[in-house]
Amino acid sequence: MWSGIAAHEFMHALGFVHEQSRSDRDHYVTIVWKNIMPDQIHNFRKQVTNNLNSPYDYSSVMHYGRYAFSEDGGPTIIPKPDPYIPIGQRDGPSALDLHKINVLYNCGVNQ
């Protein structure tokens with residue numbers, strides 16, 4: 001078990017959805033629906049989200065990789081405006097992931 005996968009699942013348990021499912025995601029990524037395995041489309045649907053006044057996080061542990069659930073080897077997620085922005089890391093929570101957890105659960109260090 002990779003620690004980044006555990007962090008990803010832990011953030012789900014805390015109530016977070018995949019970053020590319022954020023309500024405002026269409027400003028930041030293009031979902032290539034035709035390349036997604038039909039039984040995995042649910043993983044890419046937009047959700048009604050409270051984005052906690054935080055910017056979109058391409059480095060989030062909650063972001064899928066560019067070829068996630070690809071049916072044909074083509075990309076399923078293309079970042080905007082720069083299609084070469086790295087996405088889909090599983091090293092652990094990003095700085096913004098940690099910030100969002102602190103904001104959501106009111107556990108900031110300045111209390």
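S59 counts as partly exposed because its relative accessibility is 40%, where partly exposed lies between buried (under 20% relative accessible area) and exposed (over 50%), with a 1.4 Å probe and protein chains only. The structure is a predicted model, in which local features need pLDDT of at least 70, side-chain atom pairs count only at pLDDT 80 or more, and totals for chains, interfaces and linings use all residues. Residues are numbered from 1 along each chain as its sequence is written, and side-chain values use heavy atoms, with hydrogens and water left out.

S59 sits in the loop between β1 and β2. Helices (H or I, at least four residues) and strands (E, at least two) are DSSP runs, numbered from the N terminus. Leaving aside residues up to four places away in sequence, S59 touches Q89 and S94; contact here means heavy atoms within 4.5 Å. H12 lies 47 residues from S59 along the chain, and the C-alpha atoms of the two are separated by 16 Å.

Side chains of opposite charge can pair when their charged atoms come close. A salt bridge is counted when a side-chain nitrogen of Lys or Arg is within 4 Å of a carboxyl oxygen of Asp or Glu. By this rule there are five salt bridges.

| Pair | N to O distance |
|---|---|
| R22 and E19 | 3.2 Å |
| R25 and D26 | 2.8 Å |
| D26 and K46 | 2.8 Å |

D26 forms a salt bridge with K46. This pair links distant parts of the chain, 20 residues apart: D26 is in the loop between α1 (3-13) and β1 (29-31), while K46 is in the loop between β1 and β2 (77-79). Salt bridges with shared partners also join E19, R22, D24 and K100 into one network.

In the pair of R25 and D26, R25 is buried at 4% relative accessibility, whereas D26 is partly exposed at 37%. K46, the partner of D26 in another salt bridge, is partly exposed, since its relative accessibility is 41%.
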